[in-house]
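Hi,

Here is the structure I promised to pass on to you. Please have a look at it first, and then read my notes below.

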Amino acid sequence: MARYAMVIDTKRCVGCADCVVACKLENNVPDGFCRDWIVEDVHGAFPKLYMEIRSERCNHCENAPCVRCCPTGASHIDVGGIVLVDHDECTGCKACIASCPYDARFVHPDGYVDKCTFCVHRVKEGLDPACVAVCPTKCMHFGDLDDPDSEVNKLLRERHYHALLPEAGTRPKVFYLT
Ligand code: SF4
Ligand code: SF4
Ligand code: SF4
């Protein structure tokens, strides 16, 4: 069984938002919403400042509060550890939205809660997620943490990285190379 993850190189990301546009087109994300977004984080103190640019989305957490709190089972961990929402089972109660420390979910105009799916429909076809596939700087990588030879594992062995809000205890599976 795979354990899918994303590794994103913040040194290569230029904040072009092609990943955001690709996601909207691939997943028919309605106007006014997005499943991924760009964050520009400034660190340090003047004159030694640096900016980390990140493409963020659902972290497909291994210890996902959105799954634990869902009263209907709509939010679940699916094949490869991908966190998904079964639209037919979702009542739109928003408990998962309140529990997600990453603000990764939104209410779709059709009434169910939506978010990044790691493009599971593409992954099942052996393709990279749309955002990964279009990135012009090739800063995004997708693969299996359980495969020691995967590119994501190689990058995590060779580079410094961080994940978002580790103190939340969610064990996110989107990693940012620094
Ligand atoms: Fe759930 Fe939020 Fe983690 Fe995604 S990032 S799995 S929505 S807690
Ligand atoms: Fe579950 Fe839907 Fe409620 Fe979220 S909004 S907790 S997915 S029933
Ligand atoms: Fe959107 Fe797919 Fe990328 Fe998730 S993996 S942000 S659904 S394009």
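Val42 sits in strand S2, which covers residues 36-45. Keep in mind as you look that this is a predicted model. Is Val42 buried or exposed? With a relative accessible area of 54%, Val42 is exposed, because the mark for that is over 50%. Val42 also belongs to a nonpolar surface patch of about 460 Å², together with Phe46, Leu49 and Met51.

Next, have a look at strand S10, residues 174-177. Val174 and Tyr176 point one way, Phe175 and Leu177 point the other way, and all are buried. In a regular strand, side chains alternate between the two faces of the sheet. Strand S10 has these partners:

- Strand S1 (residues 4-9) runs parallel to S10, joined by four bridges; here Val7 stands opposite Phe175.
- Strand S9 (residues 161-162) pairs with S10 in the antiparallel sense over two bridges; here Tyr161 stands opposite Leu177.

Now to two of the ligands. Which residues come closest to ligand 1? They are Cys58, Cys61, Cys66, Cys100 and Arg105, out of 13 that surround ligand 1. The shell of ligand 1 is made up of nine nonpolar, two polar and two charged residues.

Ligand 3 has 13 residues around it, and Cys23, Arg57, Cys116, Cys119 and Cys131 come nearest. Helix H1 (18-27) and helix H5 (130-134) are the elements that each give two or more residues to this shell. By class, the shell around ligand 3 holds eight nonpolar, two polar and three charged residues.

Enjoy exploring, and write back with any questions!

Best wishes

Technical notes. Residues are numbered from 1 along each chain as its sequence is written. Chains are lettered from A and ligands numbered from 1 in the order in which they are written. This is a predicted model: local features need pLDDT of at least 70, side-chain atom pairs count only at pLDDT 80 or more; totals for chains, interfaces and linings use all residues. Side-chain values use heavy atoms; hydrogens and water are left out. A residue is near a molecule or strand if one of its heavy atoms lies within 4 Å of it. Ala, Val, Leu, Ile, Met, Phe, Trp, Tyr, Cys and Pro count as nonpolar, Asp, Glu, Lys and Arg as charged, and the others, Gly among them, as polar. Patches are made of residues with over 30% relative accessible area and no salt bridge: like charges are joined within 9 Å, nonpolar side chains (Val, Leu, Ile, Met, Phe, Trp, Tyr) within 5 Å. Accessible areas come from the Shrake-Rupley method with a 1.4 Å probe; for residues, only the protein chains shown count as cover. A salt bridge is a side-chain nitrogen of Lys or Arg within 4 Å of a carboxyl oxygen of Asp or Glu. Buried means under 20% relative accessible area, exposed over 50%, partly exposed in between (1.4 Å probe, protein chains only). Two strands pair if DSSP finds at least two bridges between them.
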